[in-house]
Amino acid sequence: MSTAHWAKALLDTWGIKAALTRLDGEYDLNFLAQADDGQIYVLKAMRPGCDYDLVDVQIGALAQIARSAPDLPLPRVIPAQNGASCLSLADEAGNDRLVWLQTGLPGRCYAKSHPKTTALVTEVGAVLAGVTRALKDFDHPALHRDFKWDLMAADWVAAESGCISDPARRQLVEDICTDFAWLKPRLETLPRQAIHNDANDYNILVAGELGAPQHISGLIDFGDMCAAPRICDLAIAAAYMVLDHPKPQQALTSLVEGYHAVNPLTAAELDLLWPLLRMRLAVSVVNSTLMAADNPDDPYVTISQAPAWRFLDKSAEHPALIAGRLRATCGLPVVDGADRVLAYLEKHSGSFAPIMNRDLSDVPMGSLSVENSTWPQNPFDMPLEEAAQVGAEFAGKDGSEWWLGYYNEPRLIYTAPAFRKGAYKASDRRTVHLAVDVFAPAGQALHAPLDGEVLIVEDRANHLDYGGVIILKHLTDDGDPFYTLYGHLDPECVTRLTPGDKIARGQAFCQLGNAYQNGGWAPHVHFQIALSTDGIEADWPGVADPDDLVLWNALCPNPAPLLNLPAEKTGYQPTDKTIVLAARKAHFGGNLSLTYQDPVMLLRGWKHHLFDEWGRPYLDAYNNVPHVGHAHPRIQAVAADQLKRMNSNTRYLHPAQTAFAEKVLSKMPEHLEVCFFVNSGTEANELALRLARAHTGAKGMVTPDHGYHGNTTGVIDVSAYKFNAKGGVGPSDWVELVEVADDYRGSFGRDDPERAQNYANLVDDAIAKLRQAGHGIAGFIAETFPSVGGQIIPPKGYLAAVYEKIRKAGGVCIADEVQTGLGRLGDYYFGFEHQEASPDIVVMGKPIGNGHPLGVLVTTRDIAESFAQGPEFFSTFGGSNLSCRIGTEVLNIVDDEGLQENARLRGNELLSGLKDLQGRYPSIGDVRGMGLFIGVELINPDGSEATAICSYLKNRMRDHRILIGSEGPKDNILKIRPPLTIDAEDIQMILETMDSILAEVHCD
């Protein structure tokens, strides 16, 4: 069908002149109409013979919604010039078609919109709920038709399941049908109403550009409307929200949360949602399989099944837990009777038998939280000897003091792979304690708080498991069941008790095990309540994912009432990030920046991982300062040892000072003989300027554009990144900038074999200008490989050529190696080695102290002697005993642990993987770097700097728990410089995650 015919019909019938574009449609003709006045419309020409009622019901429903909920993002029906909402018009073949016109809506379909955030899914639920609520009293004969997409009539799938050839998948569909047959009588008791019935991911529109806030801009296509319980409408939408979602249960929860906030659901409805969702997918795959048999040459039919099968094939969480999570999300009892059990516990708290035969109200609390504790040293591996000492600081000198561990406390002591919920160390992890711990001497008897029956008694002897564990079943006065778990027991209980045994209130029925009996822990009982065992049976999670507490706090509430304690005593309250953020804004300057749109609060670290207040792990692929890794035990030991002794300055002799100098000089060219120790790279660069002036008698400096050397007045003057920034002081007359030797975007590209010399020649003009202005040439200072300029690797030979020109002009050459030195580059210990250049001054900063405030300047004897002619140089804590020992230890660790070689190997892996991504995604313009100093330049289709794409990638990587930075004059270059401890698994995580995010950028 030509667009010209229907454009004329639109003009003749509606008086709208527009350009038409054909849209997809299974049976009908749909056209996007772009009117001359800029308005957009959708012209719909129904298939010949279409029943008028099928159009009339849609027009009526849209009118009803427009009246009762005008703010919902739905199309509006545009009447023709004669006032009719729908007309019969002939197509080009002379066939009569029902034709009607709607307003167009902005945005792209949800299926092609990324990311699918929880906030966006929540809004989908809210919009759908608004539509359902607006249609509550709407009725029309066409709603009561019999057709295959009515979920109430999905029984037909059972008879057709034989079309699925794969036996396992056929059985899966049959099981879904069995579940549906069981729930259908309950479904039929629910009231029916008009529902949209097809809120799939192509009928939902999303507006919002890359990186900007997204919102639902439309719900379209009411062609499958029918009368059914509203939970069917929600189940259909849910079926599409979960497909290919990385966290489908989180998406489902968000959808329900949004729906319930607008149109509250009942527990009976929520219990049906999961099986109805699966039934909708079963309808979809069976229908598409039947269509494929009728259309064997159409590959789309079977391709469209793939997401549904990917979802259905996965092992799903127990339905009881899914229903419980949805109930808890809506503020409903997690299981029937849960509210009565909680009321019973609260009412009788204070009268339960004490489980340790003593009052616990005076027993102190001890925190093992991420924020308050350093247990364990390595959050990914806790040996038995360390586990046996956990909390020793609370147990007194002889280890016999009693203390209590918090409920709902995020801890890092759960290090086993079983607590990890993904492939990587930075994947989601269960950290939040769901019990109260009572630490007491081994052998201490435990007593039942009330009558119970033994449900489980086992010895779980694996490393850091429960050891002896007992689960008791109890009944309230009204007969509602609940359960208590006692873990880390002496497994002798297994020889005495069996399931079904009755335990009387106050009866001693077990005792605490020692570390050899209880899984390896310091003696204590893990005391936990569950309001149901459906879905967990005997294998209760004692620790929860901090992002799934809505379920686990409801199913396993604080057991304090059974301990005759107030919940306030035992319930942990972590520091609130929003309060810290508000205090920061109140107490600090507005130009102290925070990274990420949603800042992170990080409290612990280990090697190349960091942990937030809830114990969520992050892969640190950004921070070069912890050069040998966060919280290195050797640095901890050296610092603690020296602080036990003294910490003084260089006015007194100490062997640590000379030992550090000798270690530093062992890495330097022979002509660099003299060390100066200061507190930072900034201070070292400031000192470098003083040395250059003292040695040359001149002041003029040459430096590359967009460089950064620190934050004091002196070095800001040679840091174009700062003085040319918004609000900066601008250039000083004694500083001349030269173009950065960027052979990707600069004046001389990689196709120029003389590019190194050509960039170096730019120094000539700068020298001439400084001489003409009477400043002379004190020197040249540059980040050896410009970092804030965009992780630039200058062409080989560039620095050597620049240094030659500077020296001929009487200046000295300063290599700022803060970013690149100490083995980060893999093949080279310092960047100037790659350049085959010989600096007169080398500056090192942050990484040489691994976070301790330390900077080092190394220079020639002649320059040092020139400087010595001036006033005394002294830095109170530069060269302190503590700083020197830490600096020496950092350099020794780089050598002892082979970190330079690790930087080479991991850097090669990362560069190779990034270049593969570059070949597949045109937004990557350049991949450059060396070792673990890597930049990824992002570009727009026209080759310009893609600042928005870079920001999107950086923030999305953070969403996936990977920290990276961005740099460059246009902030379009991803900066990757992790601690040198990063391993192959983490490189793979970076590459896989970046691949998935780039796919979002290029989803069209």
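A residue is termed buried when its relative accessible area is under 20%. The legends below refer to a predicted model.

**View 1. Cysteine residues C813 and C163.** C813 is buried, its relative accessible area being 0%. The cysteine sulfur closest to that of C813 belongs to C675 and lies 19 Å away, which is too far for a bond. C163, at 26% relative accessibility, is instead classed as partly exposed. For C163 the closest cysteine sulfur is that of C177, and the separation of 10 Å is again too far for a bond. A disulfide would require two cysteine sulfur atoms within 2.5 Å, and the structure holds zero disulfides.

View 2. The largest nonpolar core comprises 91 residues, and L187, L252 and L276 have the most contacts inside it. Helix α8, spanning residues 267–294, gives the most to this core, contributing twelve residues. Beyond its neighbours within four places in sequence, L252 is in contact with A238, V242, L273, W274, L277, I322 and L326. A second, separate core contains 87 residues, including Y759, I777, Y798 and Y921. In soluble globular proteins, nonpolar side chains tend to be buried together.

**View 3. The salt bridge between D547 and R961.** The closest N and O atoms of D547 and R961 are 3.3 Å apart, and the two residues form a salt bridge. D547 is partly exposed at 36% relative accessibility, while R961 is buried at 7%.

**View 4. The salt bridge between R755 and D743.** R755 pairs with D743 in a salt bridge whose closest N and O atoms are 3.0 Å apart. R755 belongs to helix α23 (residues 755–772), and D743 sits twelve residues away in the loop between β28 (735–738) and α23. D743 is buried, with a relative accessibility of 9%.

**View 5. The salt bridge between R904 and E901, within helix α28.** In this pair the closest N and O atoms of R904 and E901 are 2.7 Å apart. R904 and E901 are separated by about one helical turn because they are three residues apart in helix α28 (residues 899–920). R904 is partly exposed at 27% relative accessibility, and E901 is also partly exposed, at 38%. Elsewhere, salt bridges with shared partners join D743, R745, R750, R755, D926, R928, E937, E945 and K970 into one network. The structure has a count of 55 salt bridges. Side chains of opposite charge can pair when their charged atoms come close.

View 6. S648 occupies the loop between α18 (633–643) and α19 (655–665). S648 is buried, with a relative accessible area of 17%. Apart from neighbours within four places in sequence, S648 is in contact with S880 and N881. N711 is located in the loop between β27 (701–704) and α21 (713–716). N711 is exposed, with a relative accessible area of 55%. Apart from neighbours within four places in sequence, N711 is in contact with T682 and I716. The C-alpha atoms of N711 and G681 are 9.6 Å apart in space, although these residues are 30 residues apart in sequence.

Technical notes: Residues numbered from 1 in each chain as written. Predicted model: local features only at pLDDT ≥ 70, side-chain atom pairs only at ≥ 80, totals over all residues. Heavy atoms only, no water. Helix = DSSP H or I, 4+ residues; strand = E, 2+ residues; numbered from the N terminus. Buried < 20%, exposed > 50% of the residue type's maximum accessible area, 1.4 Å probe, protein only. Contact = heavy atoms within 4.5 Å. Core = buried A, V, L, I, M, F, W, Y, C linked by side-chain atoms within 4.5 Å. Salt bridge = Lys/Arg side-chain N within 4 Å of Asp/Glu carboxyl O.
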